[in-house]
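Here are a few notes to go with the model, meant for someone opening it for the first time. Have it on screen while you read.

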Amino acid sequence: MNTTYRALKLGGLLLGLGLSGGVLADEYYSIKNGELERPTGYREWVYVGTPVTPNDMNNGKAAFPEHHNVYIDPKSWKHWKKNGEFRDGTILIKELVSVGSKNAVSGQGYFQGEFLGLEATIKSKKHFPNEPGNWAYYSFSDVTHKNLSKTAKPFPAAACNACHESAAADDFVFTQYYPVLRAGKGKGKAASGGYEDKLNNSYVEPRGGK
Ligand code: HEC
């Protein structure tokens, strides 16, 4: 490869990065006139866990139906692995998925069905200097769980932050329910999985009926 070609290639790369814009300029989200634009691409971020609040265990109607697939943006995951804290600029996505089937060849249970909605939380001093912990909360889901809005306004602190502040394990985030974040906190490379022999859990193997 000659030098001119290399320089051209580098120029193209830099141009490409510049044009992908939003991500570089304002993290993995874009807030305009106080409204968050619906984030895109989050299913390719880092997946941290799936709490499930099925309708049939919540008087027929869970507040957030039903599986909650939670993702963190890659830059914040890197920071979490290294420093064990949520950096300014963190965004977490909670994508709602219905309970589809309740049994499969593997046994009875709650299996994921269809997408129902989208929630998000962002930590930013710049955007939310007065919110508790600088976290703001958003929902793109509609009441029927059929559509997503293009933008969302942050909820008042009392609607979402208060519960997160009092009950979440780590800086307003429910890391107690996300094994990937819990086990990976400050663990560096080991956080990505597969590096340790010991699983460090409290699981008790049930006695088999055979
Ligand atoms: C009654 C307490 C409570 C309230 C109120 C509440 N949440 Fe949560 N939230 C939780 C719990 C518990 C979890 C983790 C387990 C789960 O997903 O069910 C969670 C998780 C989340 C997550 C995933 C990231 C994280 O911080 O753990 C988002 C995003 C979220 N909630 C958004 C919202 C929004 C938006 C509102 C307001 C409309 C809201 N929450 C109100 C209890 C609450």
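**Notes on the predicted model**

1. Residues are numbered from 1 along each chain as its sequence is written.

2. Start with the ligand. It has 20 residues around it, and the closest are Pro51, Tyr137, Cys160, Cys163 and Phe174; a residue is near a molecule if its C-beta atom, placed from the backbone, lies within 6 Å of it. The shell splits into 13 nonpolar, 5 polar and 2 charged residues. Here Ala, Val, Leu, Ile, Met, Phe, Trp, Tyr, Cys and Pro are nonpolar, Asp, Glu, Lys and Arg are charged, and the others, Gly among them, are polar.

3. Which elements supply at least two residues each to that shell? They are strand 4 (67-72), strand 5 (91-99), strand 8 (112-123), strand 9 (135-139) and helix 4 (161-167). Helices (H or I, at least four residues) and strands (E, at least two) are DSSP runs, numbered from the N terminus.

4. Four of these names come back in an open, antiparallel sheet of 5 strands, ordered 3-4-5-8-9. Strand 3 and strand 9 are its edges, each pairing on one side only. From one strand to the next, the twist averages 30° (axes are lines fitted to C-alpha atoms, for helices over the stretch in contact, and angles run from 0 to 180 degrees between N-to-C directions). Strands 5 and 8 run antiparallel and are joined by 8 bridges; two strands pair if DSSP finds at least two bridges between them. Lys94 sits opposite Glu119 in strand 8.

5. There is also an open sheet of 3 strands, antiparallel, in the order 1-2-10. Strand 1 (31-32) and strand 10 (151-152) each have a single partner strand, so one side of each has no neighbour in the sheet. Strand 1 pairs with strand 2 (residues 35-37) over 2 bridges, and Lys32 has Glu35 as its bridge partner in strand 2.

6. Pro65 and Glu66 are joined by a cis peptide bond, with omega about -15°. Glu66 lies in the loop between strand 3 (46-49) and strand 4.

7. That loop also holds Asn59, a non-glycine with a positive phi of about 50°. Is Asn59 buried or exposed? It counts as exposed, because it has 7 C-beta neighbours inside 10 Å (buried means 20 or more other C-beta atoms within 10 Å, exposed 12 or fewer, partly exposed in between, with C-beta atoms placed from the backbone).

Definitions and conventions
Predicted model: local features only at pLDDT ≥ 70, side-chain atom pairs only at ≥ 80, totals over all residues.
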